[in-house]
Amino acid sequence: MLEVKLNMKEGIRDTLVFDMKDFRHEDFKEYEALVPPALLGLSYEEVEFNNPLSCAVRLLRYGDDNVYVTANIETNILVECGRCITPFEVDITTTVEQLFSIGSESLEQSEADERYYDGETVDISEDVRRALVLEIPVWPLCSETCEGLCPQCGAELNIKACSCEPMDEAPASTSNPFFGPVKNARK
Ligand SMILES: [Zn+2]
Ligand SMILES: [Zn+2]
């Protein structure tokens, strides 16, 4: 609440596009933003961005018209456990630090780590989107000890064990259905 009050003058923004007109007479400015993930194109099949991105953004004048941007982003996402496919939430945070110089992006420049802006608006949406995507866990686990699903009957082993025999690592030929009945017949 305190932080919100400090920024009351600017209010909480809902974009990551900053108008340099607001920044004309200052060398440093802080913003808070709650940005809908859809605005950054953050929509994926396996990962749900359900909550606004909570962003603390600082703009610092650098040289004459260059702007150094620092942004701390926090949000949480809904992912599926890689073992038991149960959805669970993960907090992710990331930081973007980027210098924007006046100019326009050219092909050679875009390969370097440089960003340009037109002198009027700085848009860090793409920078934030890229940084967040890197934070999505590749193989999320609901818990280190998640038992996953039984590969044979699909039972959720975290809830209760099933009665399947543990699968042996034998080659596929031994799972030939014709071997089964013979074994059973000997019992
Ligand atoms: Zn799991
Ligand atoms: Zn089973």
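Student: Why is arginine 58 called partly exposed?

Tutor: In this predicted model, arginine 58 has 14 C-beta neighbours inside 10 Å. Buried would take 20 or more, and exposed would take 12 or fewer. The count of 14 falls in between, so arginine 58 counts as partly exposed.

Student: And where does arginine 58 lie?

Tutor: Arginine 58 lies in strand S5, which covers residues 53-62.

Student: Which residues is arginine 58 in contact with, leaving aside its neighbours within four places in sequence?

Tutor: Those are Glu30 and Thr70. To be in contact, two residues need C-beta atoms within 7 Å. As for glutamate 32, its C-alpha atom is separated from that of arginine 58 by 8.8 Å, and the two residues are 26 apart along the chain.

Student: How do you know that S3 and S5 pair?

Tutor: Count the bridges: pairing takes at least two, and S3 and S5 have eight, in the antiparallel sense.

Student: What makes S1 and S3 a pair?

Tutor: Two bridges join S1 (residues 12-13) to S3 (residues 28-35). The cut-off is at least two, so two bridges are enough for S1 and S3 to pair. These strands run parallel. Arginine 13 has alanine 33 in S3 as its bridge partner.

Student: Which strands does S6 pair with, and over how many bridges?

Tutor: Let's go through them. S6 (residues 66-80) pairs with S4 (residues 47-49) over three bridges, in the antiparallel sense. There, valine 47 has valine 79 as its bridge partner. S5 is joined to S6 by nine bridges, and these two run antiparallel. Here cysteine 55 stands opposite isoleucine 73. Then S6 and S7 (residues 87-102) pair over 14 bridges, in the antiparallel sense, with glutamate 80 opposite proline 87.

Student: What about the hairpins: how many residues sit between the strands?

Tutor: The hairpin of S5 and S6 has three residues between the strands, and glycine 63 takes a positive phi near 70° there. The hairpin of S6 and S7 has six, and in it isoleucine 85 takes a positive phi near 55°.

Student: Back to cysteine 55. What makes Ala71 one of its contacts?

Tutor: A contact needs C-beta atoms within 7 Å, and Ala71 is on the contact list of cysteine 55, so their C-beta atoms lie within that limit. Leaving aside neighbours within four places in sequence, the list also holds Leu16, Glu32, Ala33, Val35 and Ile73.

Definitions and conventions
Residues are numbered from 1 along each chain as its sequence is written. Chains are lettered from A and ligands numbered from 1 in the order in which they are written. This is a predicted model: local features need pLDDT of at least 70, side-chain atom pairs count only at pLDDT 80 or more; totals for chains, interfaces and linings use all residues. Helices (H or I, at least four residues) and strands (E, at least two) are DSSP runs, numbered from the N terminus.
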